[in-house]
Structure formats: C-alpha cells, structure tokens
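Please keep the sequence and the structure in view while reading.

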Amino acid sequence: MAVTTVDPAALQRALAGGQDRLRALLPGLTEEAVRAPSPLPGWSRGHVLSHIEGVGLALARQARYAQRGQLIDVYDGGRPARDAAIEAGHRRSAPQFTAALAAAMDEVEASWAALGSDDWARPVRYRDGVLLDAGLAWWRELEIHTVDLDLGPAFADWSPQFSGHVLEFLAVRIPPDVRLTLTAPDGDALFAHGSGAPVKVTGTLPDLAAWLAGRHPSVPLGGDPLPPLGPWP
C-alpha cells in the first residue's frame with residue numbers, strides 16, 4: 001500500500017475546505033433536525049454536533065498551547081469529561097447549536113490557520129505526538145462526523161487523499177490473519193494490506209474508507225465476505 005503523504009500546507013487547505021462545508025450547514029439547523037437520530041447508534045444529531053464542537057475545540061487548543069511551547073491534555077478530565085459534555089450539550093436548541101458551533105468554528109479556524117511551517121513538529125499531548133498528528137486527527141473527526149450528520153455531505157464526497165489517509169490510519173483494524181485487497185469496479189487495484197488469507201473486495205476508495213471507519217458504505221461492497229474489524233487505534 002502506497003503511503004498517502006499529507007504535508008502541512010495541504011492539510012491546512014483540506015481543513016479550511018472541511019470547516020467551510022460544516023459551517024455552511026449551520027444556518028439550516030432546525031429543532032427537528034437537531035433532535036433527529038443520526039446514523040450512529042444511540043446518538044441524535046445533537047450528540048454529533050456536540051461532539052464536533054468539543055473535539056474541534058480540544059484539538060484546536062493543542063495547537064494554541066503547542067505554539068507557546070506548552071503541553072495540555074486533549075480534554076480536561078479525560079474521556080469521562082468528554083462524554084459528559086456531549087450528554088450535557090446534545091439537548092440544546094437549534095439556535096443555541098448554531099451560535100455555539102459558529103463560535104467554536106471561529107476558534108478552530110483561527111487556531112489552525114495561525115500555524116507556521118515550523119510549528120507542525122511541535123510536541124503535543126495528543127497521542128504523545130506532534131501538531132501534525134493532532135491536525136490529521138481533526139481532519140478525520142471533521143470529515144467523518146460531517147457525514148454522520150446526514151445533512152448533505154456524503155462519503156462519496158471524500159477526496160482520494162482523505163480516503164487514502166483513512167485507509168492507512170485505520171488499516172490496523174483489519175485482522176492480522178487477512179490480506180485485504182480492494183479493487184475498484186473498473187478493475188483497478190486500490191488498496192492492499194496484510195499478509196494472511198486473501199480477501200478481495202470491490203468498491204470505491206471512499207466506500208472502503210467508510211467501512212473501515214465503521215460506517216455503512218454508500219454502495220455495498222462486493223466480493224468476499226468482509227472480515228470483522230478490530231477497535232479504532
């Protein structure tokens with residue numbers, strides 16, 4: 001599998017585009033929309049919106065503190081605090097969501113846009129990595145959860161670069177005793193991973209990325225039965 005290299009300048013452009021797409025959905029939020037169930041089991045759209053707000057601000061502050069040469073936890077209080085914030089926030093009204101997400105996006109966009117070329121190698125607490133790792137995490141959260149809102153953007157809209165990045169990041173979910181090969185409907189080989197028993201699957205690059213992300217592809221994948229997936233890394 002070829003490595004999809006994402007340089008900081010390309011990542012900043014991708015984040016800007018994804019943030020614009022999310023922001024464009026906010027004026028259309030209604031009470032019915034925020035209360036409706038999302039494709040994620042047990043989560044309404046309000047849950048997804050609350051999570052996007054929280055994770056966006058959490059990763060943006062990784063950038064703010066790293067620029068000062070400081071480290072800070074992704075979430076104060078860890079995962080329990082993150083989950084509690086989602087539960088507390090998902091019941092907000094549509095106008096409250098619109099205002100809160102708009103304010104959060106202002107901070108998120110300013111945080112990532114402020115980074116210079118030398119900043120991306122600064123250490124962060126997120127996975128004990130560097131700012132590029134945190135930026136890629138926000139890219140994944142942004143693109144995947146924008147589709148989870150089910151308000152227009154779809155997996156088919158994912159760029160080849162983003163789909164390739166998701167495949168590489170989530171390839172560890174593929175069982176170690178499987179060699180998974182994805183082939184496009186036109187016969188082109190798109191992706192191969194592992195060294196075990198061969199499993200051949202047909203589908204588009206975005207649809208396989210969606211499947212590895214635990215989502216239902218826009219078009220069912222063809223070929224061999226799909227192997228069970230392990231946990232997220």
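## The cavity

The largest cavity holds about 40 Å³ of space, where a cavity is a set of points, on a 1 Å grid over the protein atoms alone, at which a 1.4 Å probe fits but cannot get out, and where a volume is the space filled by probe spheres set on the points, which are joined across faces, edges and corners. The count comes to one cavity of 30 Å³ or more. The model is predicted, so local features need pLDDT of at least 70 and side-chain atom pairs count only at pLDDT 80 or more, while totals for chains, interfaces and linings use all residues. Residues are numbered from 1 along each chain as its sequence is written, and side-chain values use heavy atoms, with hydrogens and water left out.

The lining of the largest cavity (residues with an atom within 4 Å of a point) includes Arg-21, Glu-143, Asp-157 and Trp-158. Helix 6 gives the most to this lining, with three residues; helices (H or I, at least four residues) and strands (E, at least two) are DSSP runs numbered from the N terminus.

## Aromatic rings

Four aromatic pairs are found in the whole structure, a pair being rings of Phe, Tyr or Trp (its six-membered ring) with centres within 6.5 Å, called stacked if the planes are under 30 degrees apart, edge-to-face if over 60 and tilted otherwise. Trp-139 and Phe-162 form an edge-to-face pair, 5.0 Å centre to centre with 65° between the planes. This pair links distant parts of the chain, since Trp-139 lies in helix 6 (residues 131-148) and Phe-162 in helix 7 (residues 160-170), 23 residues apart. Trp-139 is buried, with a relative accessible area of 2%, and Phe-162 is also buried at 2% (buried means under 20% relative accessible area, exposed over 50% and partly exposed in between, with a 1.4 Å probe and protein chains only).

Phe-155 and Trp-158 form an edge-to-face pair, 5.0 Å centre to centre with 75° between the planes, and both residues are buried. Trp-139, Phe-155, Trp-158 and Phe-162 form one aromatic cluster.

How values were computed: 1 Å grid on protein atoms, 1.4 Å probe; cavity = no way out; pocket = protein on both sides within 12 Å on 5 of 7 lines; lining within 4 Å.
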